[in-house]
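Have a look at it alongside the points below.

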Amino acid sequence: MKKLVVLSGAGISAESGIRTFRDMGGLWEEYDILEVASPQGWENNPELVQNFYNERRKQLLGCSPNKGHYGLVDLEKYYDVEIITQNVDDLHERAGSKKVLHLHGELLKAQSSADPELVYEIDGWEIKMGDTCEKGSQLRPNVVWFGEPVPAMIPAMEITRQSDIFVVVGTSLNVYPAASLLDYVPRGVPVYVIDPEDVSVPFNVNAEVIREKAAKGVEILIEKLTGDKK
Ligand code: OAD
């Protein structure tokens, strides 16, 4: 089976009711990135950071995968599909995708603020101040903040190097190192970009753009790749 690799971003979850970051009305319009998504922000005001992610988690528990997520599951009939997601939600997994790699962590997990290797499932929507890891340190969201290392980039680069088809869906490609994965797509591999807006794809990548929202865009992609119509 050929390997189809997907790099997904906030846009694939938009039709599930989850806000993106940089669109009009996106989260970074309302919140200061450095206050809620950086180690300095955590140091200055951990309660604010904890509340921000608690709210996101509470909201996520009330959301469901959309046709975009399910379409990528359908593609597993034809391809060895591997999803590299920048999203911290679990909607790819809930839709049934078998191989999902989270570059920026997972909202439904907590990690020790002293040791990022200590990761725990969260029961419910809330991490409370005072909830601690087995070493006694405060638990924080298992999310990669700006300025923190992205260890999942190593396997992500390897997966990307093995791709026969590469699909970008719902990401502005503004955040590095995630966006640099396009540099690892082997030459000659077809690249598809699904996004309702213009995305600045690097000039050396010859991408076919499907200018649609994820639900419709993935349907068009399936039709193009397999001839299957819904
Ligand atoms: P952005 O908010 O930067 O980009 C979202 C993209 O989704 C844009 O290109 C939109 O045009 C597109 N979009 C909007 N609605 C869509 C829909 N219904 N279907 C498909 N696409 C749609 O989000 P990301 O690129 O994911 O990191 O942002 C990358 C990282 O920046 C995030 O993982 C997060 C953020 O700060 C951290 O928190 C570490």
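1. Let's start with F52. Its relative accessible area is 5%, so F52 is buried, the cut-off being under 20%. Keep in mind that this is a predicted model.

2. F52 pairs with Y53, and that pair is edge-to-face. The ring centres of F52 and Y53 lie 4.9 Å apart, with 85 degrees between the planes. Y53 is buried too, at a relative accessible area of 6%.

3. How many aromatic pairs are there by the ring-centre rule? The count comes to six. Among them is Y31 with F52: the planes sit at 70 degrees and the centres 4.7 Å apart, so this pair is edge-to-face. If you want the reasoning, planes over 60 degrees apart count as edge-to-face.

4. As for cover, Y31 counts as partly exposed, at 27% relative accessibility, whereas F52 is buried.

5. Zooming out a bit, F52, Y53 and Y31 belong to one aromatic cluster, together with F21, W28, W42 and W145. One of these, F21, turns up again at the ligand, where it is listed with the closest residues.

6. There are also charges over rings. R56 lies over the face of F52, 4.7 Å from the ring centre. Elsewhere, K58 has its charged end over the ring of W125, at 4.3 Å from the centre.

7. On to the ligand. It is surrounded by 23 residues, and the closest are F21, R22, T171, S172 and D195. T171 has a side-chain N or O atom 2.7 Å from an oxygen atom of the ligand. A polar backbone atom of A10 is 2.8 Å from a ligand oxygen. For E15, an N or O atom of the side chain is 3.3 Å from a nitrogen atom of the ligand.

8. How much of the ligand does the protein bury? Taken alone, the ligand exposes 800 Å², and the protein buries 95% of that.

Conventions:
Residues numbered from 1 in each chain as written. Predicted model: local features only at pLDDT ≥ 70, side-chain atom pairs only at ≥ 80, totals over all residues. Heavy atoms only, no water. Phe/Tyr/Trp six-rings, centres within 6.5 Å; stacked < 30°, edge-to-face > 60°. Buried < 20%, exposed > 50% of the residue type's maximum accessible area, 1.4 Å probe, protein only. Lys NZ or Arg CZ within 6 Å of the ring centre and 35° of its normal. Near = heavy atom within 4 Å. Polar contact = N/O pair within 3.5 Å; in protein donor to acceptor, adjacent residues only side chain to side chain. Areas by Shrake-Rupley, 256 points an atom, 1.4 Å probe, with all protein chains shown as cover.
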